[in-house]
Amino acid sequence: MNELFRKAPFFLDDEALIWVNETYSKLTLEQKVGQLFNLIVRANSAEELSLIDSIQPGAVTKFVGHDLDTEVKMMNQLRRHSTVPLLVSGDLEGGGMSFSFGAQVPNQLGLAGLKDESAVEYCTNVIAQEATLLGINWSFTPVVDINAKFRSAVVGTRSYGSDVDIIETMSCSNINTFQKNGIAATAKHWPGEGFDDRDQHLVTTVNPLTMPEWEERYGRLYRSAIDSNVMSIMSAHIALPEYAKAHEENPEEWWRPASVSKLLNKQLLRDELGFNGLIVSDASVMAGLSSWAKREDVVAEIIENGCDMLLFCKDPVEDYAYMLNAVREGRVSEARLEQSVMRILAMKAALGLQHKQEEINADKFNALLASDYADNIPELNRRTVHLVKNRHDILPISPAKHKRVLVISTGIKNIFVPEAIPLHVPKMLEDEGFEVTVFEAGMALDTKNYDWVLYLSADESMLVKSHIYIDWMALHEGFGNAMFRPWVDIPTVMVSFGHPYLLYDAPKVPTYINAYSPLLEVQKAVVDGLLGRLSFNTDAAIDPFCGLEQLRY
């Protein structure tokens, strides 16, 4: 395999190849199996460090918390507990995934609406600088999915939209910028999400395109990513039946998830598209995979059928035992084990991890924060806010004419936080002189008491939610209230700080704004826009009208 690693995407020199070969030769069978795992690290706990000691994984995915000092301490401990240098991955997608103590960067969909490749490059540079100082060297971006089905909660704000030209340009910029900064990029989710509005966290989703249609869209996007020397591709729990039908007689196999499909990983991605980098599975605990076969079989098939690394475990110790047993029994062949571990080591060498790494230092991160590395981010966040429609010229609005406002808000929703986090917009409006009433359960919905109504939603892409929609009964608290629509009586504005397709459930709302993300700077920008102090963006990377003429009126 050595000659393969001299080529894209790794381009290893003699010294790096020697390190890969020598490191591989010194690993025991148990250590080789450990390299196949990417474990989740969330709690910064002694228990998680104990797993690193026992499994010696090839990678960890770090979920970064709110305290910089805690993160720095944990990262240094993770390194000290690893015999082979660690790949440290993260979903560096911006938006709600931004580090809480770092720059608050627009998400992919918000950036795509700017139609500005330089903005993507700038934001990716900012994220990369922060990630490097936190010890993260592998980004699970760009998302090259296509917003084809507007009901898809799992694609939503994570993609660069629905225009393949924009997705291609911006994803290649993301790849090139991350990798120039010494961070491996990952194109996901292979073989392409977005034409099924279900969520692979809950079900094996399906890419239903014919192969000519697939080539025009996802084939083009993945070939461009490969031409940009992307180091990694994430193989997801998505079936591509039109490809499988040409090569497989058993109809059940047409729906096999890519993450355990030799046809999609080896034949299509490696042989036909020519990808030579590392294939990592999507999270192996997702129901799109766990519903396919028994856990013991799934763990083995991820590697045997073409992935090089298994992402996340149901039970790390049990999964490691399953994998080790599968190798010993030959269900994971010696050839596949060697190919996978060698590719993992090659990516580490391509990132320079074989060289002595400095301790992660909070002072360096604080020095970065004190510099002007992200001085353009607030303005970029402001530029993302998109005024979709403003019928009857409701905006701009002022406290002189419309002082009393009823705010009906879902708050900021996050699947990892049990209760919604309140938005700052109501307080900002109070500071501007409005008399603000925030709707609560049990309150009467009577437009006579108000001059205008403001709806606020903040659902960015929501894993395991399946679909995002306006739940009118929950929003208005009650069966009768579910049918209340204030805009026939008083001016009404709806703002989405996330999912951009809420007009589908409120086609007659007269004024609608897509802000894409609930970041503080974005909330400030929306308030400025409401009051006429912001020139709204009037473009988008998706169709907020969902292809329906009704929603425009």
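The residues that line the second largest pocket divide into 13 nonpolar, 3 polar and 6 charged, where Ala, Val, Leu, Ile, Met, Phe, Trp, Tyr, Cys and Pro count as nonpolar, Asp, Glu, Lys and Arg as charged, and the others, Gly among them, as polar. The model is a predicted one, in which local features need pLDDT of at least 70 and side-chain atom pairs count only at pLDDT 80 or more, while totals for chains, interfaces and linings use all residues. Residues are numbered from 1 along each chain as its sequence is written, and side-chain values use heavy atoms, with hydrogens and water left out.

**The second largest pocket**

This pocket holds about 420 Å³ of space. A pocket, found on a 1 Å grid over the protein atoms alone, is an open set of points with protein on both sides within 12 Å along at least five of seven lines, a cavity is a set of points where a 1.4 Å probe fits but cannot get out, and lining residues have an atom within 4 Å of a point. Grid points are joined across faces, edges and corners, and a volume is the space filled by probe spheres set on the points. Of the 22 residues lining the second largest pocket, S409, T410, K413, A474 and L475 are the closest to its centre. Two or more lining residues come from each of β12 (404-414), β15 (452-458) and α19 (472-476), and β12 gives the most, with 4 residues. Here helices (H or I, at least four residues) and strands (E, at least two) are DSSP runs, numbered from the N terminus.

Helix α19 also contains M473, which is partly exposed with a relative accessible area of 45% (buried means under 20%, exposed over 50%, partly exposed in between, with a 1.4 Å probe and protein chains only). Leaving aside its neighbours within four places in sequence, M473 is in contact (heavy atoms within 4.5 Å) with G478, F479 and A482. The C-alpha atoms of M473 and M483, which are 10 residues apart along the chain, are separated by 7.9 Å.

**Cavities**

A search of the whole structure finds 3 cavities of 30 Å³ or more, and two of them are set out below.

| Cavity | Volume | Lining by class |
|---|---|---|
| Largest | about 80 Å³ | 8 nonpolar, 6 polar and 1 charged residues |

The largest cavity is lined by 15 residues, of which E93, L111, I127, Y160 and N174 lie nearest its centre. Helices α6 (108-112) and α7 (117-133) each supply at least two residues of this lining, and α7 provides the largest share, 4 residues. Among the residues lining the second largest cavity are L92, E93, F99, I127 and E130.

**The sheet**

Eight strands form an open sheet with parallel pairing, in the order β4-β3-β2-β1-β10-β9-β7-β5, where two strands pair if DSSP finds at least two bridges between them. Strands β4 (138-139) and β5 (186-190) stand at the edges, each with a single partner strand, so one side of each is left without a neighbour in the sheet. Strand β3 (residues 87-90) pairs with β4 in the parallel sense over 2 bridges, and the bridge partner of G90 in β4 is S139. Helix α5 (residues 68-80) packs on the sheet, touching β1 (37-41), β2 (59-62) and β3, and its direction makes about 175° with that of β2. Axes are lines fitted to C-alpha atoms, for helices over the stretch in contact, and angles run from 0 to 180 degrees between N-to-C directions.
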